[in-house]
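I set out to look up several features of one protein model and to record each in turn. The entries below are kept in the order in which I made them.

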Amino acid sequence: YRYDSHWNYVGSFIGVQAMYGLLGMPQTDIMSLEVTKESLPASGDLIILGGLNSSDYPSFYEYTVHSKDWIHTTWETEEPVLLNESIYKTEADCGNDTRFVMVGDSYRNYMVKYIKKDFDHCTFVHREHFLEAKDDILAANVLVLESAERYDYKSLADMENLIQLFSSSDQ
């Protein structure tokens, strides 16, 4: 994004595809998909953090990657995905009955729109609230610990927390 430290939906799509490659899943080349753009007024965390007036800056483009538009969620957490919201869950009929859980930071939110179309059951939880998703984590078929580079230093503690969770469970 022009005025935000987070990646846009093109960047998050590419990140999801890289993750799928690491998981041994099929990847989709973004060049094979339609990507549209919409001009929006200046906004983002860099404007907020800088105490700037967004009306002083030109608009930016929001991109939409049209990937698997035919797959729709059958259920989602009612609240919208917010950057540091504790838990966001989705259900879809992808036909794989796979339980995907991502524990991470605010960057995970930009990946939701793609991941939720590839797994029947998804849980996205902020690292600070991982215990609220304890049951989902323990039942996961795929567990991903996501971290933006600026939060890499928290990854070791996150891994230790997850190891402790699995060590103390009855599974």
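The notes that follow cover a helix, some single residues and a cavity.

**Entry 1: the model**

I worked with a predicted model, in which local features need pLDDT of at least 70 and side-chain atom pairs count only at pLDDT 80 or more, while totals for chains, interfaces and linings use all residues. Residues are numbered from 1 along each chain as its sequence is written, and side-chain values use heavy atoms, with hydrogens and water left out.

**Entry 2: helix α1**

I took helices (H or I, at least four residues) and strands (E, at least two) as DSSP runs numbered from the N terminus. Helix α1 covers residues 9-22, which is 14 residues. From its first C-alpha to its last, α1 reaches 20 Å, close to the expected 20 Å; the expected span is 1.5 Å times one less than the number of residues.

I then looked at the two ends. Just after α1, Gly-24 has a positive phi of about 75°.

Which residues of α1 are buried? I used these classes: buried is under 20% relative accessible area, exposed is over 50%, and partly exposed lies in between (1.4 Å probe, protein chains only). The buried residues of α1 are Ser-12, Phe-13, Gly-15, Val-16, Gln-17, Met-19 and Tyr-20. Their cover includes β2 (60-66), β5 (99-104), α3 (112-115) and β7 (142-145).

**Entry 3: the loop between β5 and α3**

I checked two residues here. Met-111 lies in this loop and counts as buried because its relative accessibility is 4%. Leaving aside neighbours within four places in sequence, Met-111 is in contact (heavy atoms within 4.5 Å) with Trp-7, Ser-12, Gly-15, Val-16, Met-19, Met-102 and Glu-146.

Asp-105 is in the loop between β5 and α3 as well. Is Asp-105 buried or exposed? I recorded Asp-105 as buried, because its relative accessibility is 2%. With neighbours within four places again set aside, its contacts are His-126, Arg-127, Glu-146, Ser-147, Ala-148 and Tyr-151.

**Entry 4: Tyr-61**

I found Tyr-61 in strand β2. Tyr-61 is partly exposed because its relative accessible area is 41%. Beyond its neighbours within four places in sequence, Tyr-61 is in contact with Lys-37, Glu-38 and Ser-39. Tyr-61 and Glu-38 are 23 residues apart along the chain, and their C-alpha atoms are separated by 5.4 Å.

**Entry 5: positive phi values**

Most residues other than glycine have a negative phi. I noted Lys-68, a residue other than glycine, with a positive phi near 50°. Lys-68 lies in the loop between β2 and β3 (73-76) and is partly exposed, with a relative accessible area of 26%. I also noted Asp-97, with a positive phi near 45°. Asp-97 is in the loop between β4 (87-92) and β5, and counts as exposed at 55% relative accessibility.

**Entry 6: the cavity**

I used a 1 Å grid over the protein atoms alone, where a cavity is a set of points where a 1.4 Å probe fits but cannot get out, and lining residues have an atom within 4 Å of a point. A search of the whole structure finds one cavity of 30 Å³ or more.

What lines the largest cavity? I listed Val-103, Arg-127, Phe-130, Asp-158, Asn-161 and Leu-162. Helix α5 (residues 155-168) gives the most to this lining, with three residues.

How values were computed
1 Å grid on protein atoms, 1.4 Å probe; cavity = no way out; pocket = protein on both sides within 12 Å on 5 of 7 lines; lining within 4 Å. Points joined across faces, edges and corners; volume = space filled by probe spheres on them.
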